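Please open the model in a viewer and keep the selection panel at hand.

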Amino acid sequence: MNLSLQREINYFMQKFKEINIQRPGYFEPFKVVFKMASPIALNHPWMHFDGLIAHLALMNILGRDYYLLPAKFPLGRALRGIKFLEKLPLKKTGDLWHASVSVLEPYTVKLDVIYKRFEDRWIPKTNKKKIYRGRGFFKDYAINIPYIPAITCTFYGVGDIEMIKKLLYNVVGLGNDTRIGFGAVSKFYIETTEKDFSLVKDGKAMRPIPIKYCEYYKEKVPIAWRPPYWAPENIDLCCPPFAEIKLGKNLAKNI
Amino acid sequence: MEKIWQKTFKLHSKSSDYRGKIKWSLNYIQHALKECRKPYISFSGGKDSIVMTHLIYRIDPEILLYHHHQGEYMPEEIWQEIYSIIKRLAKNIEIRPFEENLWDDIIPDFLRRGFDGSFIGLRKEESVSRRERIKANRSLTELREYWPIQNWTWIDVWAYIIEHNLPYPSTYNKYGPLLGWDKVRFHSFFDPRMDKFGLSNIDGILMWRFRNKK
């Protein structure tokens, strides 16, 4: 690891130590509904609410520094000791957050193609007077973007509604490629629910649940089950979302 | 496959243009079999290979079908599907493991065993490089290559599959409606070698079950 990267990491470590994260208050089951203004581009069939809240909490804590995070070194690894994720305003049983994946309605997958084009900022990298855009390093690529033209995106959870509401005000878009107009949110609302639907609803899993927490599961797939969802160490054999499930006794008594 | 496409392909299978292409391909295969003493079929598992294999076995069902396993990026479930297709199509089968190299291991072995030609399901329509390769009659290995369906279009291939009720991998039914039946191709999933085709995003949403299986 080079010196400047180490300095960057130390800067963020220090910043995290100094920040006094507000402790969540009263937890209650809720439902968040996002009304979409444009289709949601995804490269996975769903989004995770705990992942979204963790991302928003980090943005909230770091402010403008969020955009200076070292890109080549995922900060999550350096921050493990600080346990930033322990302080999310969501209920947790064992290691499992009470937060569902997205329920997109209507759910149909469509495809769009965007084109990555040559950009001027690459010029200093070459001494060539002419470049080929048809092949080689500067090739223009046609990139497939699968999208879901959903009208509503619903999440279920259990947590501190006021704190979650504050975080969600920062959401302008959901999913990938929001910079080119995908996944724009027109409005959202939160309402309390009688029951906790964040783990199971109508006998079906609402998020990836490791099989160690299940009494019965119809399917098992190796997928990530806790944030950060990109980290390979968070992958385990899980009952995937929307598969039939019966929770183990320890988890079932907590909902 | 959607009903509208099945109808379209069925209608196309009645056209004289399509019939002419089958006739040409059968003649080409017969000619190749006269030239070659001991050829084999290169089978990838895709739609073109399936059609070519069926055409060849209409003339000589004893030819060896060779399949090179695509490695860790081909999920076991899909591989089992390919294997069942192979077993339904061919009697004489040889499956080589992914670890073996085509140029260093497989081709020298085939040459040693007296093979002198290979049937490959390339089509001119697929890409400029393939068109040029066929035009120049350029084989990639020391074995002479034959391309029986070189003049076929995507619609001819699907029409032949529908007409003869041939089995094909179920992944086509997933990717076909999204990509279009003209662009859909058989591939391994989450495979960096396939990134140039821009398929990894679609793999993520359609084949998420296989993302962490390798």
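Select helix α2 (residues 16-35) of chain B together with helix α3 (residues 47-59) of chain B: their axes come within 10 Å and cross at roughly 65°. Axes here are lines fitted to C-alpha atoms, for helices over the stretch in contact, and angles run from 0 to 180 degrees between N-to-C directions. Helices (H or I, at least four residues) and strands (E, at least two) are DSSP runs, numbered from the N terminus. The model is predicted; local features need pLDDT of at least 70, side-chain atom pairs count only at pLDDT 80 or more, and totals for chains, interfaces and linings use all residues. Residues are numbered from 1 along each chain as its sequence is written, while chains are lettered from A and ligands numbered from 1 in the order in which they are written.

Next, display Ser25(B), Leu26(B), Ile29(B), Gln30(B) and Leu33(B) of α2(B), which meet Leu55(B), Ile56(B), Arg58(B) and Ile59(B) of α3(B). Contact requires C-beta atoms, placed from the backbone, within 7 Å. This contact comprises six nonpolar, two polar and one charged residues. Ala, Val, Leu, Ile, Met, Phe, Trp, Tyr, Cys and Pro count as nonpolar, Asp, Glu, Lys and Arg as charged, and the others, Gly among them, as polar.

Now turn to the boundary between the chains, where 16 residues of chain A are in contact with 12 residues of chain B. Select β7 (141-148) and β14 (221-224) of chain A, the elements that give two or more residues to chain A's side. Of these, β7(A) gives the most, with six residues. The side of chain A that touches chain B has 13 nonpolar, three polar and no charged residues.

Then colour chain A by domain, with bounds from an automatic or database domain assignment: domain 1 (25-108 + 153-252) and domain 2 (111-148). Their contact takes 11 residues from domain 1 of chain A and five residues from domain 2 of chain A.

Finally, select Ile40(A), Ile53(A), Ile209(A) and Ile245(A), the residues with the most contacts inside the largest nonpolar core, which has 56 residues. Such a core is a set of buried Ala, Val, Leu, Ile, Met, Phe, Trp, Tyr and Cys residues joined through C-beta atoms within 7 Å; buried means that 20 or more other C-beta atoms lie within 10 Å of a residue's own. Helix α2 (residues 49-62) of chain A supplies the largest share of this core, five residues.

Notes: Two residues are in contact if their C-beta atoms, placed from the backbone, lie within 7 Å. A residue is buried if 20 or more other C-beta atoms lie within 10 Å of its own, exposed if 12 or fewer, and partly exposed in between; C-beta atoms are placed from the backbone.
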